[in-house]
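Q: Please give a close account of one part of the following model. A connected description, with cut-offs for the terms, would be appreciated.

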Amino acid sequence: MTNLKDVRNELLRLHKTLMNLERENYESANGPITNVQLLTLLFEDDAFIWLREISILVAEIDELLASKQGIDSGIANSLMAKAEDLIHENSENHVFRTKYHVNLNTETSVSEHHKNLQSIF
């Protein structure tokens with residue numbers, strides 16, 4: 001399950017990078033925000049909704065890794081496939097795919113996380 005942990009950790013780093021980029025965009029248009037305001041925006045604002053896909057996936061991985069019954073390899077493989085599909089250019093999740101690939105093509109840090117994830121898969 002090392003690969004699943006590695007995917008989880010890299011997804012978390014990617015999420016933080018994307019969240020910070022979205023925050024910068026938001027602050028450019030609306031002025032500075034606090035961390036509490038950012039958290040509210042993550043839950044309520046349409047500009048941040050696409051980031052929930054990573055949040056939900058990381059939570060699902062955390063739940064599996066914390067399971068007292070042990071890790072079901074079928075579920076682990078399914079979560080790995082879900083993570084791989086999420087960052088793939090042909091992902092069926094149109095909202096995430098569009099925002100993600102704009103950042104992937106313009107932000108070096110996002111590209112680095114993407115390459116790290118691909119190397120794990």
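At what angle do α1 and helix α2 (residues 35-44) pack, and how far apart are their axes?

A: The model is predicted, so local features need pLDDT of at least 70 and side-chain atom pairs count only at pLDDT 80 or more, while totals for chains, interfaces and linings use all residues. Residues are numbered from 1 along each chain as its sequence is written, and side-chain values use heavy atoms, with hydrogens and water left out.

Helices α1 and α2 pack at an angle of about 105°, and their axes are 12 Å apart. Axes here are lines fitted to C-alpha atoms over the stretch in contact, with angles from 0 to 180 degrees between N-to-C directions; helices are DSSP runs (H or I, at least four residues) numbered from the N terminus. The two helices are therefore roughly perpendicular to each other (65 to 115 degrees; under 35 is roughly parallel, over 145 roughly antiparallel, the rest oblique). On the α1 side the contact (heavy atoms within 4.5 Å) is made by Met19, Arg23 and Tyr26, and on the α2 side by Asn35, Leu38, Leu41 and Leu42.

Between these positions in α1 lies Glu22, also a residue of α1. At 6% relative accessibility, Glu22 counts as buried (under 20% relative accessible area; exposed is over 50% and partly exposed in between, with a 1.4 Å probe and protein chains only). Leaving aside neighbours within four places in sequence, Glu22 is in contact with Ala47, Phe48, Trp50, Leu51 and Lys99. With the side chain of Lys99, the Glu22 side chain makes a polar contact of 3.3 Å (a pair of N or O atoms within 3.5 Å, one able to donate a hydrogen and the other to accept it within protein; residues adjacent in sequence count only if both atoms are side-chain atoms). The C-alpha atom of Glu22 is separated by 9.8 Å from that of Asn103, which is 81 residues away along the chain.

Helix α1 also packs against α6: their axes come within 10 Å and cross at roughly 165°. The pair is therefore roughly antiparallel. From α1, the residues in this contact include Glu10, Arg13, Leu14 and Thr17; from α6, they include Val110, His113, Leu117 and Ile120. The elements that cover the buried residues of α6 include α1 (2-30), α4 (73-87) and α5 (94-106). Those buried residues are Val110, Ser111, His113, His114, Leu117 and Ile120.

Glu10, in α1, counts as buried at 4% relative accessibility. The Glu10 side chain has a polar contact of 2.5 Å with the side chain of His113 and another of 2.8 Å with that of Arg13. Beyond four places in sequence, Glu10 touches His113, Asn116, Leu117 and Ile120.

His113 itself belongs to helix α6 (residues 108-120) and, at 12% relative accessibility, counts as buried. A polar contact of 2.9 Å links the side chains of His113 and Thr17. Excluding residues up to four places away, His113 touches Glu10, Arg13, Leu14 and Thr17.
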